[in-house]
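Have the sequence and the 3D view open as you read.

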Amino acid sequence: RAKALDASKRQKAVAAALGALKGKLYAASLKHDAARVVQALIKWGDAEQRKIVQAELAPRLAELSRLPYARHVALCLLRHSRGDEDRKVFESFRGGFQKIATHATGAKVADAA
């Protein structure tokens, strides 16, 4: 999360964090400190790394939107998704958007979508 990192060091750190969290991104999104790491992966990762994170989290994005710390991960995915990724993120909300929009925590995610 350090902003003064060299680009090559940042890429190494993102790759190392993604390697450590692969398969555990959902569980990491539920914890307040690890959710910040997942947000950094989405923000600073390249398109391929973002696609890996999105592939793991997209099936449960509607559920993540209603959880206190995980909603920030959902917002980050919405903010940093582009093109085809954007469509996949919106498709994950299909069928459950009303529940998200009326939920106290999920309403902010619904506003951003």
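Helices α3 and α6 are roughly parallel to each other, a label used for angles under 35 degrees. Their packing angle is about 5°, and their axes lie 9 Å apart. Each axis is a line fitted to C-alpha atoms over the stretch in contact, with angles running from 0 to 180 degrees between N-to-C directions.

A word on the source: this is a predicted model, in which local features need pLDDT of at least 70, side-chain atom pairs count only at pLDDT 80 or more, and totals for chains, interfaces and linings use all residues. Residues are numbered from 1 along each chain as its sequence is written, and side-chain values use heavy atoms, with hydrogens and water left out.

| Helix | Residue range | Residues in the contact |
|---|---|---|
| α3 | residues 32–44 | Ala-35, Val-38, Gln-39, Ile-42, Lys-43 |
| α6 | residues 70–80 | His-72, Val-73, Cys-76, Leu-77, His-80 |

By class, this contact has 6 nonpolar, 3 polar and 1 charged residues.

How far apart are the end C-alpha atoms of α3? They are 19 Å apart, which agrees with the 18 Å that its 13 residues should span at 1.5 Å a residue. That expected span is 1.5 Å times one less than the number of residues.

Next comes burial, where buried means under 20% relative accessible area with a 1.4 Å probe, counting protein chains only. In α3 the buried residues are Ala-34, Ala-35, Val-38, Gln-39, Ala-40, Leu-41 and Ile-42. Their cover includes α1 (7–21), α2 (25–29), α4 (47–57) and α6. As for α6, 9 of its 11 residues are buried, so this helix is largely enclosed by the rest of the structure. Among those buried in α6 are Arg-71, Cys-76 and His-80.

Leaving aside residues up to four places away in sequence, Ser-29 touches Ala-35, Val-38, Leu-57, Leu-64, Tyr-69, Ala-70 and Val-73.

Finally, the whole protein. It has 9 helices and 0 strands; these are DSSP runs numbered from the N terminus, with helices (H or I) of at least four residues and strands (E) of at least two. Of the 113 residues, 41% are buried. Among contacts between residues at least 6 apart in sequence, 65% join residues at least 24 apart.

Key: Angles under 35 degrees count as roughly parallel, over 145 as roughly antiparallel, 65 to 115 as roughly perpendicular and the rest as oblique. Contact means heavy atoms within 4.5 Å. Ala, Val, Leu, Ile, Met, Phe, Trp, Tyr, Cys and Pro count as nonpolar, Asp, Glu, Lys and Arg as charged, and the others, Gly among them, as polar. Buried means under 20% relative accessible area, exposed over 50%, partly exposed in between (1.4 Å probe, protein chains only).
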